[in-house]
Amino acid sequence: WTANGYRLPTEAEWEYAARYIDGTTFTATTYASGATADTTNFTATNLVAWFGNSLTAPTGNTTSTQPVGTKAANALGLFDMSGNVYEWVWDWQATYTTGSPYTDADSQGPTTGNSRVARGGSWSFTASTLQAAYRSSSSPWSASYAVGFRPVRRP
């Protein structure tokens, strides 16, 4: 954890990056990262994310991941924080706070568990899994076509 290299983001860091707008305002928990309406609004969600019922894809379908950066970025300039692939985070699956988790970005979560938290939704699932607050989990000991990771490095 104290190494100066790259690592998985904590769940709180991931949510902060996905929901950030201007430091005091954050995207609603029911919105995809960077969207202007909740995930029931497919038009707004489709502008920022690939998901199972996406309206268009460069390849004419949504049967696989899509090139990064082909949808709009969120306020931090990050692409695909919602959709394309779920992203593993540092935390093991456990109960998550119901408060404002993005205010405690240094939280490291549980130290042990059976599966890692996965955030952001996937191209192969419906829009409801793209909500900024939606949590899933995946075993780090098994492969999945719908799960990836985004390394981070804090200064």
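User: Which residues make up the largest nonpolar core?
Analyst: This is a predicted model, and its largest nonpolar core is built from seven residues. They are A32, A35, V48, A49, F51, A127 and L130.

User: OK, and what about a second core? Which residues does that one include?
Analyst: The second core is separate and has six residues, with W14, A18, M81 and V89 among them. As general background, nonpolar side chains tend to be buried together in soluble globular proteins.

User: Switching to the fold, how many helices and strands are there in the chain?
Analyst: The chain has two helices and four strands.

User: And what order do the elements run in from the N terminus?
Analyst: From the N terminus, the order is α-α-β-β-β-β.

User: What share of the contacts comes from residues 24 or more positions apart?
Analyst: Taking contacts with a separation of 6 or more, 64% are between residues 24 or more positions apart.

User: How much of the chain is buried?
Analyst: Of the 155 residues, 40% are buried.

User: Pockets next. How much space lies in the largest one?
Analyst: About 260 Å³.

User: Which residues lie nearest its centre?
Analyst: P9, E13, W14, A17 and V152 lie nearest the centre of the largest pocket, out of 13 lining residues. W14 also belongs to the second core.

User: What's the class make-up of that lining?
Analyst: The lining of the largest pocket has 10 nonpolar residues and three charged ones, with no polar residues.

User: Now the backbone. What is the phi of D80?
Analyst: Phi of D80 is positive, about 60 degrees, although D80 is not a glycine.

User: Where does D80 lie, and is it buried or exposed?
Analyst: D80 sits in the loop between α2 (42-46) and β1 (86-92). Its relative accessibility is 5%, so D80 counts as buried; the cut-off for buried is under 20%.

User: And N84, what's its phi?
Analyst: N84 has a positive phi as well, near 70 degrees, and is a residue other than glycine.

User: Where is N84 found, and what is its relative accessible area?
Analyst: N84 is in the loop between α2 and β1. Its relative accessible area is 5%, so N84 is buried.

How values were computed. Residues are numbered from 1 along each chain as its sequence is written. This is a predicted model: local features need pLDDT of at least 70, side-chain atom pairs count only at pLDDT 80 or more; totals for chains, interfaces and linings use all residues. Side-chain values use heavy atoms; hydrogens and water are left out. On a 1 Å grid over the protein atoms alone, a cavity is a set of points where a 1.4 Å probe fits but cannot get out, and a pocket is an open set with protein on both sides within 12 Å along at least five of seven lines; lining residues have an atom within 4 Å of a point. Grid points are joined across faces, edges and corners, and a volume is the space filled by probe spheres set on the points. Ala, Val, Leu, Ile, Met, Phe, Trp, Tyr, Cys and Pro count as nonpolar, Asp, Glu, Lys and Arg as charged, and the others, Gly among them, as polar. Buried means under 20% relative accessible area, exposed over 50%, partly exposed in between (1.4 Å probe, protein chains only). Contact means heavy atoms within 4.5 Å. A nonpolar core is a set of buried Ala, Val, Leu, Ile, Met, Phe, Trp, Tyr and Cys residues joined through side-chain atoms within 4.5 Å.
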